[in-house]
Amino acid sequence: MRLANLDGRATIVANDGLVDVAGASNGAFSASIDKCLGQLDKLDAWYRSAQPSLTQNVAIEEFALDPRLGPVVNPRQIFAIGLNYRNHAAETGAEVPKQPMVFTKFPSSICGPNESLPIPGASTDYEAELVVIIGATLREVSVDDAIAGVAGYCVGQDYSEREWQYRGSPPQFSLAKSFKNFGPIGPWLTTAQEIPNPNELSIVTRVNGETMQDSNTSDMVFPVAELIAYLSSVCELRRGDLIFTGTPEGVGRARTPPLYLKPGDEIVTSIEHLGTIRNVAVAP
Ligand code: ZN
């Protein structure tokens, strides 16, 4: 099942149209997507058995670009992982980490999948990322049990202002990655059951139509289940929390010369089975 936030209302995305969850279920399920997160199995079962008629007919590719799409969740905690793809670690000249390198993005940086990207400086960079949406309370979960605590997955960008990221010593990531709209997510949540292995998905960033990142989540140093187990050994993970799982090679900073985003650029990010998000850079 795919679940979108359309104008603040939980909406099931079928192949050929949309179902407004609260309306079609006569209020049995909430219009709040955050509340639906706790009932995804029930909602999925209802959708399969009731087979509600479409609220609106629209092709899925067209709907993905709808400007009314909001962020799929409103997270309390956002974890992000640095240098989690082997080929990205290599392009930065860093060693492959021996344990996950964790930082945060602040929740106010999260936005809908197709919102514009205000460019705050001269070194704004793109980072395509698989985003994990936590579906349960998890503390000290094992690697084997970790995926059972995932609600679903979506596409994300971990936009980063590199000058801010590296201006101090030691570098700090969290503010540099938390400017307005630096965390677009979507276009919708795809439930975990639909994605048997989150570590075999192609992941691509195109800037103005040119492919800049083209990899596969199989290149992750620490796969999704290991990240969840590691984080939950310290922090309690809660329903709706997000994990930005790292970016593959091809970021602008690692190019010669570096390629940074400027107003007018169009950034299109796709992950196999999860969809596509689109941001246009604008002057702040
Ligand atoms: Zn990142």
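Contact here means heavy atoms within 4.5 Å. I start with that because the first part of this talk is about what packs against what, and the contact rule is heavy atoms within 4.5 Å. The model is a predicted one.

Let me begin with helix H3, residues 40-50. Its buried residues are Leu40, Leu43, Asp44 and Trp46. They span an arc of only 160 degrees around the axis, so they lie on the same side of H3. What do these buried residues pack against? There are six elements to name: strand S1 (2-6), strand S2 (9-13), helix H1 (21-24), helix H2 (33-36), strand S11 (150-157) and strand S13 (183-191). On the face turned away from the buried side, H3 carries the exposed residues Asp41, Lys42, Arg48 and Ser49. After the helix comes glutamine 51, which has a positive phi, near 45 degrees.

Next, the domains. The domain assignment gives domain 1 as 2-63 and domain 2 as 78-282. Their centres, taken over C-alpha atoms, are separated by 26 Å. Domain 1 puts 12 residues into the contact, and domain 2 puts in 12 residues. The area buried between the two is about 920 Å², and carbon and sulfur atoms give 65% of that. Which residues of domain 1 lose the most area to domain 2? They are Arg2, Leu37 and Leu40, together 49% of what that side buries. Leu40 has come up already, as one of the buried residues of H3. Between domain 1 and domain 2 the count is one salt bridge. Arg48, from the exposed face of H3, has a salt bridge with glutamate 194, at 3.8 Å from N to O.

Glutamate 127 sits in the loop between strand S9 (124-125) and strand S10 (128-134), while aspartate 158 sits in the loop between S11 and strand S12 (160-161). These two are 31 residues apart, so the pair links distant parts of the chain. Are glutamate 127 and aspartate 158 buried or exposed? Both are buried.

On to salt bridges in general. The count comes to 15. Arginine 9 and aspartate 20 form one of them, with the closest N and O atoms 2.7 Å apart. Arginine 9 is in strand S2 and aspartate 20 is in strand S3, residues 17-20, a separation of 11 residues. Arginine 9 counts as partly exposed because its relative accessibility is 35%. Aspartate 20 counts as buried because its relative accessibility is 15%.

A second example is glutamate 95 with lysine 98, whose side chains meet at 3.8 Å, N to O. Glutamate 95 is exposed, with a relative accessible area of 65%, and lysine 98 is exposed at 68%.

Aspartate 265 is buried, at 5% relative accessible area, whereas lysine 262 is partly exposed, at 47%. Some salt bridges share partners, and these join Lys105, Asp125, Glu127, Asp158, Arg162 and Lys177 into one network.

Threonine 217 is in the loop between strand S15 (210-216) and helix H8 (224-232). Threonine 217 counts as buried because its relative accessibility is 0%. Leaving out residues up to four places away in sequence, threonine 217 touches Tyr85, Leu130, Pro198, Asn199, Glu200, Leu201 and Ile203.

H8 itself is mostly covered, with seven of its nine residues buried. Those are Val224, Ala225, Leu227, Ile228, Ala229, Leu231 and Ser232. They pack against several elements, among them strand S5 (78-82), strand S6 (101-104), S10 and S11.

Last, isoleucine 110, in strand S7, residues 110-111. Isoleucine 110 counts as buried because its relative accessibility is 12%, the cut-off for buried being under 20%. Its contacts beyond four places in sequence include Pro71, Val73, Ile185 and Phe244. Isoleucine 110 and asparagine 74 are 36 residues apart in sequence, and their C-alpha atoms are 8.0 Å apart in space.

Technical notes: Residues numbered from 1 in each chain as written. Predicted model: local features only at pLDDT ≥ 70, side-chain atom pairs only at ≥ 80, totals over all residues. Heavy atoms only, no water. Buried < 20%, exposed > 50% of the residue type's maximum accessible area, 1.4 Å probe, protein only. Helix = DSSP H or I, 4+ residues; strand = E, 2+ residues; numbered from the N terminus. Arc of directions from axis to C-beta. Domains from an automatic or database assignment. Buried area = accessible area lost by both parts, 1.4 Å probe. Salt bridge = Lys/Arg side-chain N within 4 Å of Asp/Glu carboxyl O.
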